[in-house]
Amino acid sequence: MKTITRSISNKFRKRTADKLANLLLLIPTIISASFVIFIIIFVNERGITPFLAARYGADKVSLLRFLMGTTWFVPPNQYGIFFIVINTLYVVLMAAAISVPVSVITAMFIAKMTNSRIGGFFQTIVELLAAIPSIIYGVFGLGIISKLVIRIAFVFNMQTAGGISSLSTVLVLAIMIFPTITLISITAFRSVDPDLEKSSLALGATKIQTLFRVSLVSAKSGIFTGIILGIGRALGEATAVSMVAGNAGSGPTFDLFQTTRTLTSTMLLGLKETSGLDYDIRFSVGIVLIVVIVCSNLILNYIKKRVGRFA
Amino acid sequence: MENIFEIRDLVLNYGDKIALHGINMDIEKNKVTALIGPSGCGKSTLLRCLNRMNDLIDNCKIEGNVAYEQEDIYQKNFDVINLRTKVGMVFQKPNPFPMSIFDNVAYGPRCQGVKDKSELEKIVKTALKNAALYDEVKDRLRESAMSLSGGQQQRLCIARTIAMEPEVILMDEPTSALDPIATAKIEELIHELKKNYTIIIVTHNMQQAARISDYTAFFLMGDLIEYAPTDVIFSQPRERKTEDYITGRFG
Amino acid sequence: MKKNRRRSADKAANIIISMISMVGLLILVTIFVFIFQRGTGLLSWKLFSGNYYPETYDTYFSGPIDTIGYARPADLDPQAFYSEKWGIALIDDLNFEGKHYVRIEYVDPETPLTLLPDKNKDNSYSSIASGQSLDKVIFTDNSIFLSKQGAKAGIELFDNSDGIRDMLTTTPGNGIRGSIITTGYLILMTLAIALPLGIFSAVYLHEFAPKDKWYVNLIRRFIEILTGVPSIVFGLLGAAVFIPFTSSLFGASGGNLISGALTLAVIVLPVIISATEDALKNVPDDYRQASLALGANKTQTTFRVVIKSAVPGILSATLLSVGRIIGESAALIYAIGTAIKDQIILTEKSTSLAVFIWSIMAGETPNFDLACAVSIIIMAIVLILNFSIKLIARRISSVRT
């Protein structure tokens, strides 16, 4: 007596079940993939409206003035985004300039200069910093960093608007991207071939010389990936930046003690009481933000390839 | 006939595992000494004691005396870095740095503070010539070292070591990752090098030991079983165990 | 000697490197100290269960008040003034803006004040409780208490009167119950959307999709791109797509919790997909072979064997997503809005804990203490989640070996 029916209909049922599953599972997959398309289509759609006479008639914003302008005032619709882009790049690059050396050295320390217990402890601390949500960094920025900037400004005999300044933004961003860069750099350092380091030591180099001349060089491309990710995060950071940047109406701002305005802070500030053109223009800013992020990614990746060619 | 290394009662353990059980031997200057034996017998461990690379391993404890040019290298406050500039090491797997050929060879001198460009160029050229690599790479010194073949990379590592002008070159199975032709080239090189350097080579290839070394030491499970001129060991070994190993009865 | 210079250079480099590496530790400690210093004072059950918006009670008590009296409790703040006749304690204090007010510090559980008819509520009952501010009292003998007179004067007036014609008290407000409930709803709804969507997508991509077909790689790329999008752009998506969508479908007017959940689902989707795919990759092929060799088809193999082994990985992805949801602010500011509510309705606006912080910090008088208190709560949850993820990861790797 056969206890397991191997009937033909059973096999057929099984095969159709597979075909059905194949088809059914494709649906959520396509939905998941389509969100990117939605973002591109709808954000663009909304973001183009301020420039269309059809929508806003006489109030429409001139595209040229938008792209080249250096002011951002609500009435009388003086929207210019050029200086905001400069501000954003300035603030992010300054933050990277501070954060990258500190992160790489910290990563070198954790990965190569301590035993596993101390290294693990410090790595956990960095992981904790990575887990803190941006709103809390904003509160920290407002509560501590801006007060710090007031003191620094005092030393230099400068005035600030209660610590709300370009410098506060730079410092907060530097702190926020530090864990990202550090964690990826730790992995990069750990994947350096230990034989390379042994060779260097065998040639009579000291540990520090080995770390900087061999380990760091070998970990270059991994570290650069971390930097790219950190810069991407800094460009897109919204809540923390909005809390310490200020609301500069014109620019660009290179003075560290003055208030500034970034793409993301423009999108967030004043959201509570807006509608109509002032609301839609934020989508236009969003489009510019996406373009800036994509371009910077391309440029940085190109640089990474050139740098990596030497390895 | 002077001794460059004098090893007395060297005992080494990793944690509670004893790797070397009291080694006594003298290494003669400007000769090639081969360390042979089955895997795990301690020959690589002994080699690494000679330039204190074992320091890099946790809970590695050493007792006994290793004298380099009559000075105990394990004494307190001994300048290890300086030792390594005089006792160089070539590893089993060729591992050039991810830099140009020139930078690889110039690495050691640069770390010691040599900055003058013409001086570095002279050092690099000499080292590459002495490693029998110069003619093959003289037109592409600025290219990445990773573009060389395996055998060339190993000769580059040898050049890198020679650039430091050491007195001793330690080699840990330098040809085991190479094809026969590259191996032959390196063996030829070793023959040339011994005029100016003392070479201590670990090899699991007995024929290689017989071909290139002047003295051979046979190790088994952390003990030095026999140490004698090569032709003696391979034709009239004194110990039974040596004879068994050489004739292939085990290992 | 060159050697000595190099040695001291080395030592100096060592010290400098160690000091620079302490910066990270220093920052973390500073953040924690700051948050705890300003926030712990506010942590209490009232914070979790109270409404955000203060309510004013207009109560009265015709009398008579019993003569038994109520004993002053031993642990009462020595600065507080106490009426044994009424069983009420008053104290002077400053609110978070620095202005003086009189606070009810203690109300004896036996006193009639605990349940009084409220003119603001059509005479249904309100409870006078500690924490409320005492704004104004008109006693039955027509004596009047105003808060500017201070706590001591207030107690004297109470002791001299037998009945209350009008007592105006205000609840402290600044409670986060609404935001906690909102956060809970968001987590549930987001996971309900994102988990099936993500898990099935990952299953398709890893188990069923034909390898190396152009459209499969395209789909993968599109999903990967999502990880690089900053959250505020997801907020724009929510505002541009999900708000109108939920308006037409659910009749919501403007931002609402459902549009928020949809937006959050898109944000956590790539996390779930990639973690699930990783988990599926780590299921040894032997399992699949064995199942197929027993005559099962692909669907049965996948759902009965493979997914079960991938559960721990999916679990960590879920915890990671919860952490992301709790911490998300910019996207929700666009996708829902910043209106703090005490009554939570799915088709209306509300704030999650993170957006709550933004809301109270954005005005002219930022409430640092409250912001820090909520930050402590968020950090505690994030820490527990991260710790659990690490535990799961350790269990996965130990099972594998």
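What follows is a conversation about chains A, B and C.

Visitor: How are chains and residues labelled, and what is the lowest pLDDT for local features?
Guide: Residues are numbered from 1 along each chain as its sequence is written, while chains are lettered from A and ligands numbered from 1 in the order in which they are written. This is a predicted model, in which totals for chains, interfaces and linings use all residues, side-chain atom pairs count only at pLDDT 80 or more, and local features need a pLDDT of at least 70.

Visitor: What pLDDT does chain A average, and which helix of chain A has the highest confidence?
Guide: pLDDT is the predictor's confidence in each residue, from 0 to 100. Chain A averages 87, and 92% of the residues score at least 70. Over residues 1-5 of chain A the pLDDT is below 50, and this stretch has one contact in the model beyond near neighbours in sequence (contact: C-beta atoms, placed from the backbone, within 7 Å).

Visitor: How many helices and strands does chain A have, and what is the radius of gyration of chain A?
Guide: Helices (H or I, at least four residues) and strands (E, at least two) are DSSP runs, numbered from the N terminus. Chain A has 13 helices and two strands. The radius of gyration is taken over C-alpha atoms, and the globule rule is 2.2 Å times the number of residues to the power 0.38. That rule gives 19 Å for 311 residues, so chain A is more spread out than a compact globule, with a radius of gyration of 26 Å.

Visitor: What separates the centres of domain 1 and domain 2 of chain A?
Guide: Domain bounds come from an automatic or database domain assignment. For chain A it gives domain 1 (8-59) and domain 2 (63-308). Nine residues of domain 1 of chain A are in contact with nine residues of domain 2 of chain A. The centres, taken over C-alpha atoms, are separated by 33 Å.

Visitor: Which helix gives the largest share of the side of domain 1 of chain A that touches domain 2 of chain A?
Guide: The residues of that side divide into four nonpolar, three polar and two charged. Here Ala, Val, Leu, Ile, Met, Phe, Trp, Tyr, Cys and Pro count as nonpolar, Asp, Glu, Lys and Arg as charged, and the others, Gly among them, as polar. The largest share, four residues, comes from helix 1 (residues 8-48) of chain A.

Visitor: What is the order of the six strands in the open sheet of chain B?
Guide: Two strands pair if DSSP finds at least two bridges between them. Strand 6 (87-90) and strand 10 (223-229) of chain B each have a single partner strand, so one side of each is left without a neighbour in the sheet. Strand 7 (residues 168-172) and strand 8 (residues 198-202) of chain B run parallel, joined by five bridges. The pairing in the sheet is mixed, and the order is 6-7-8-3-9-10.

Visitor: Which residue of strand 8 of chain B stands opposite Met171(B)?
Guide: Strand 7 of chain B and strand 8 of chain B are joined by bridges. Opposite Met171(B) stands Ile201(B).

Visitor: Which residue in strand 2 of chain B stands opposite Phe5(B)?
Guide: Four strands of chain B form an open, antiparallel sheet in the order 2-1-4-5. The edge strands are strand 2 (17-28) and strand 5 (71-72) of chain B. Nine bridges join strand 1 (residues 3-14) of chain B to strand 2 of chain B. Opposite Phe5(B) is Ile27(B).

Visitor: What radius of gyration does chain C have?
Guide: Chain C has twelve helices and nine strands. The C-alpha atoms of chain C fill a box of roughly 90 × 80 × 40 Å, taken along the principal axes. A compact globule of 401 residues would be near 21 Å, but the radius of gyration of chain C is 30 Å.

Visitor: Which residue in the turn between strand 3 and strand 4 of chain C has a positive phi?
Guide: Strand 3 and strand 4 (residues 100-107) of chain C pair in the antiparallel sense over seven bridges. Their hairpin has five residues between the strands, and the positive phi, about 95°, belongs to Gly98(C).

Visitor: Which helix gives the largest share of the side of chain C that touches chain A?
Guide: The contact takes 64 residues from chain C and 61 residues from chain A. On the side of chain C, 45 are nonpolar, 16 polar and three charged. The largest share, 16 residues, comes from helix 1 (residues 2-39) of chain C.

Definitions and conventions
Contact = placed C-beta atoms within 7 Å.
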